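Hi there,

Here is the structure I promised to pass on. Have a look at it first, and then read on for what turned up.

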Amino acid sequence: MLDRLPFLIGLRYVRAKRRNHFISFISLTSMLGLTLGVAVLILVLSVMNGFDRELRERVLGMVPHVQIEQAGGMSDWESLAEEVEQHPHVIGAAPYIQQQGMFSVAGRNHGAMVNGINPEWESKVSIVDEHMQQGTLEELTAGSWHIVLGSILAQNLGVGVGDSVTLLVPEASITPAGVFPRLKRFTVSGIFSVGADLDANLAYANIGDMQTLARLGDDIGGLRLELDDLFLSGSVTREIVDSLGQGYRGYDWTYTRGNLFQAIQMEKRMIALLLTVIVAVAAFNIVSTLVMVVTDKRADIAILRTIGATPRSIMGIFIVQGLAIGVIGILIGVVLGILLALTVSDIIMFVENVFGIHFLDAGVYFVSELPSQLIWSDVTQIVSAAFVLTFLSTLYPAWRAARVQPAEVLRYE
């Protein structure tokens, strides 16, 4: 019976109505603090996981994992592509030509990167064909001078499928009449949208047309590689470049998007640390609650001691009470946090539609929608940390309760 005493009395103290309403208020505050802290921590980490997922799937689905280039231009690229595809971590290779340029339409100007691609090979290294709003990549045939624009880029230029745009490249053409910038008129044959900043600054044209515009002859800019594990891009790049020999150089996605990925990881760790402090503050509010309960229950403690309760049992009573308050707060916070993490994207979309506002501009941020991904390991770590902090907050008040001397208390009763 004495073994069950801490659980029975501790849980009864949680349910009992107290004469001191201030103690009840502090208990409720501690419980609500844990609930909000745990819920917000789950929500924020889920949003950060969502940004991490979108970076991998959307942005890095469009950006090459590895780029291989050759000094002076790459000519025999098909045999080279077959060679690099033999690497165990390479799942696809495709030729490309990259050209920075300025699009101009009826007085509207906007800079963008134009990728010259082979439509038959591009699906090996990019997800752009899965995100075509209008048209297809197959319409980018050599000599057609067709171009596919990002949705935001097309919107900024005020063009749609069938309209013409002029591309100016930062290279000069010397003619008898003088030096003129090199330019070419393209017809918009398609529009893509991946919901990222690439929609505002990326376009695709046929690689043959870009070879003509850049005056490369049969040479290409290089090969884009898709890997089965993008985090191996650094080592894979070095292995491929070393195997190809002199004259080749390689770049991986960390040169262009690595800082963004590292920033997301660092922000996730820092936000988790800061929100854990909030959970800790809420957990340690239980200390003040239990200290006041111990003071209020000194007579009860003394009576229990006189009928045979050990100091260990007395400690157990207040540890159980504190843990009960904490566990209730943690469980409610977990349920609330999971519900918010699963529905936050829909909630934000509803608010945007009702109030006509847009929280994430793809021209500024790398995604246009608030993403969220619930990872159960994060929930487990949050619950474990909150429980440990709650347990630690019960030790001091329970220790004080165990040190109560029955004779001194009952002398004045």
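Is arginine 215 buried or exposed? Arginine 215 is exposed, since its relative accessible area comes to 59%. Before going further, please keep in mind that this is a predicted model. Arginine 215 sits in the loop that runs between α6 (207–214) and β9 (222–227). Its backbone is worth a glance too: phi of arginine 215 is near 60 degrees, a positive value in a residue other than glycine.

Tryptophan 145 is buried, however, with a relative accessible area of 18%, whereas arginine 215 is exposed.

Another tryptophan to look up is tryptophan 121, which is part of helix α4 (residues 119–122). Tryptophan 121 has a relative accessible area of 17%, and because the cut-off for buried is under 20%, tryptophan 121 counts as buried. Proline 95 is 26 residues from tryptophan 121 in sequence, while the C-alpha atoms of the two are 7.6 Å apart in space.

Now to the helices. How do α10 and α11 run relative to each other? The axes of helix α10 (residues 311–355) and helix α11 (residues 376–402) come within 8 Å and cross at roughly 155 degrees. An angle over 145 degrees counts as roughly antiparallel, and α10 and α11 are therefore roughly antiparallel to each other. Their crossing is right-handed. As for the residues in the contact of α10 with α11, 21 are nonpolar, four are polar and none is charged.

How many cavities of 30 Å³ or more does a search of the whole structure find? The search finds two.

The largest cavity holds about 40 Å³ of space. Its lining is made up of Ile42, Leu45, Ser46, Asn49, Leu374, Ile375, Asp378, Val379 and Ile382. Both α2 (21–62) and α11 supply at least two residues each to this lining, and α2 gives the largest share, four residues. Sorted by class, the lining of the largest cavity has six nonpolar residues, two polar ones and one charged.

The second largest cavity has a volume of about 30 Å³. Leu41, Thr276, Val279, Ile382, Ala385, Ala386 and Leu389 form its lining. Two or more of these residues come from each of α8 (254–296) and α11. Which element gives the most to the lining of the second largest cavity? That is α11, with four residues. This lining divides into six nonpolar residues, one polar and no charged.

If you open the model at Ile382, you can look at both cavities from one place: Ile382 is in the lining of the largest cavity and also in the lining of the second largest cavity. From there you could turn to the contact of α10 with α11, where the residues are 21 nonpolar, four polar and no charged.

Definitions and conventions:
Residues are numbered from 1 along each chain as its sequence is written. This is a predicted model: local features need pLDDT of at least 70, side-chain atom pairs count only at pLDDT 80 or more; totals for chains, interfaces and linings use all residues. Side-chain values use heavy atoms; hydrogens and water are left out. Axes are lines fitted to C-alpha atoms, for helices over the stretch in contact, and angles run from 0 to 180 degrees between N-to-C directions. Angles under 35 degrees count as roughly parallel, over 145 as roughly antiparallel, 65 to 115 as roughly perpendicular and the rest as oblique. A crossing is left-handed if the near helix is turned anticlockwise from the far one by less than a right angle, and right-handed if clockwise. Ala, Val, Leu, Ile, Met, Phe, Trp, Tyr, Cys and Pro count as nonpolar, Asp, Glu, Lys and Arg as charged, and the others, Gly among them, as polar. On a 1 Å grid over the protein atoms alone, a cavity is a set of points where a 1.4 Å probe fits but cannot get out, and a pocket is an open set with protein on both sides within 12 Å along at least five of seven lines; lining residues have an atom within 4 Å of a point. Grid points are joined across faces, edges and corners, and a volume is the space filled by probe spheres set on the points. Buried means under 20% relative accessible area, exposed over 50%, partly exposed in between (1.4 Å probe, protein chains only).
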